[in-house]
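Here is a short briefing to read alongside the coordinates. Have the viewer open and follow the topics in turn.

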Amino acid sequence: MQRAPHSGVPVCVLGLGLIGGSILRALARAGRPAYGWNRSAAAVDDAGAAGFDASTDLAATLRRADEGGHVIIVAVPVPALDGVLAAVAEHAPNAWLTDAVSVKGDVARRVAAAGLTGRYAGGHPMAGTAHSGWEATDAGLFDGATWVVTADDETPAEAWRLAATVGLDCGAVVVPAGSTEHDAAVARISHSVHVVAEAVAITAELDPPAKQLALSLAASSFRDVTRVAGTAPSLVNAMCEANAEALLDALDDTIAELIAARAELAAKGTVGEITARGYAARRRYENARRTPFTPVLDGTGWQRALREAGHSGGVITALP
């Protein structure tokens with residue numbers, strides 16, 4: 001799906017791994033001016049060989065963004081955030097800022113510590129694979145995906161608008177949300193899923209006499225449930241640890257459901273309760289409807305209005 005650009009403001013992508021590199025590809029496909037930086041020369045060389053404008057010189061890249069008033073999107077791993085944000089504050093204080101990190105409250109606190117809140121709106125493209133690196137990038141990764149843009153009370157309207165244009169130009173639909181509620185939600189539909197996938201993968205090997213047989217018999221159910229266990233542990237650790245409080249709540253609820261299912265099986269010989277409720281929950285997910293709406297970014301309380309629209313299933317497919 002290709003879209004005409006919503007904004008001519010160039011985009012500077014910091015980090016050319018799976019997400020950042022795919023953003024660079026998607027923006028180029030949409031005709032949006034974009035360029036990138038990566039610490040690894042190999043990724044920059046590969047991006048350059050593919051025809052993209054990329055550099056290993058962070059300071060020069062940021063000065064370019066600052067001079068043009070460009071949009072910077074930070075797509076580096078969580079452990080690298082503070083150093084990159086400090087560089088943005090030093091070399092590009094006049095650029096607009098967003099990000100593609102899967103936790104928003106932690107990033108917002110780091111952005112505030114760097115003195116960049118007045119130019120920032122958080123972002124989270126809800127797409128990915130278990131692969132990483134420039135070689136895994138795909139211009140179509142975000143087509144039809146959800147792209148969260150945070151609308152906290154302190155979010156500037158222009159920063160929000162420009163962050164939204166990045167998601168739209170990448171082929172996604174935009175959902176507004178507050179940072180705290182976003183983190184609570186992704187703890188349940190993403191971060192806890194990673195932990196459960198790891199547990200299921202490990203459990204298959206816990207019966208030594210039958211370990212090889214279990215792996216030999218593993219088919220689509222095991223493959224689908226454990227797919228994200230193939231993600232690099234360092235990436236999973238970073239996002240889960242940055243969202244620890246919300247993830248603990250989600251894991252408590254997951255563990256309670258499993259304990260209840262075990263108790264029912266032991267006492268009654270059935271797991272009917274969890275299968276019925278789980279089936280109904282899955283059907284609600286499959287049948288959920290999203291309603292396009294047009295955001296209004298002026299006056300007072302526009303951030304709250306956007307959050308409420310997002311709560312109700314509202315999505316943005318275009319900007320006025």
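In this predicted model, β6 pairs with strand β7 (residues 146-150) in the antiparallel sense, over four bridges. Strands here are DSSP runs of E with at least two residues and helices are runs of H or I with at least four, both numbered from the N terminus; two strands pair if DSSP finds at least two bridges between them. Residues are numbered from 1 along each chain as its sequence is written, and side-chain values use heavy atoms, leaving out hydrogens and water. Local features need pLDDT of at least 70 and side-chain atom pairs count only at pLDDT 80 or more, while totals for chains, interfaces and linings use all residues.

- Opposite P125 you will find W147 in β7.
- The open sheet has three strands in the order β6-β7-β8, and its pairing is mixed.
- β6 (123-126) and β8 (173-177) are the edge strands with a single partner each, so one side of each has no neighbour in the sheet.

**The five-stranded sheet**
- Another open sheet has five strands ordered β3-β2-β1-β4-β5, with parallel pairing.
- Its edges are β3 (54-55) and β5 (96-99); each has a single partner strand, so one side of each is left without a neighbour in the sheet.
- Strand β1 (residues 11-14) pairs with strand β2 (residues 34-37) in the parallel sense over four bridges, and V11 has A34 as its bridge partner in β2.
- Helix α4 (residues 81-91) lies across β1, β2, β4 (71-74) and β5, and runs at about 165 degrees to β4.

**Domains**
- The protein chain divides into domain 1 (11-177 + 289-315) and domain 2 (183-287), with bounds from an automatic or database domain assignment.
- Taken over C-alpha atoms, the domain centres are 30 Å apart.
- In contact (heavy atoms within 4.5 Å) are 13 residues of domain 1 and 14 residues of domain 2.

**The second largest pocket**
- A pocket is an open set of points on a 1 Å grid over the protein atoms alone, where a 1.4 Å probe fits, with protein on both sides within 12 Å along at least five of seven lines; lining residues have an atom within 4 Å of a point.
- The second largest pocket has 13 lining residues, with T180, D183, N243, E245 and A246 nearest its centre.
- The elements giving two or more residues to this lining are α5 (105-113), α7 (179-203) and α11 (244-268).
- Both domains give residues to the lining, so the second largest pocket lies between them.

Methods. Axes fitted to C-alpha atoms, helices over the stretch in contact; angles between N-to-C directions.
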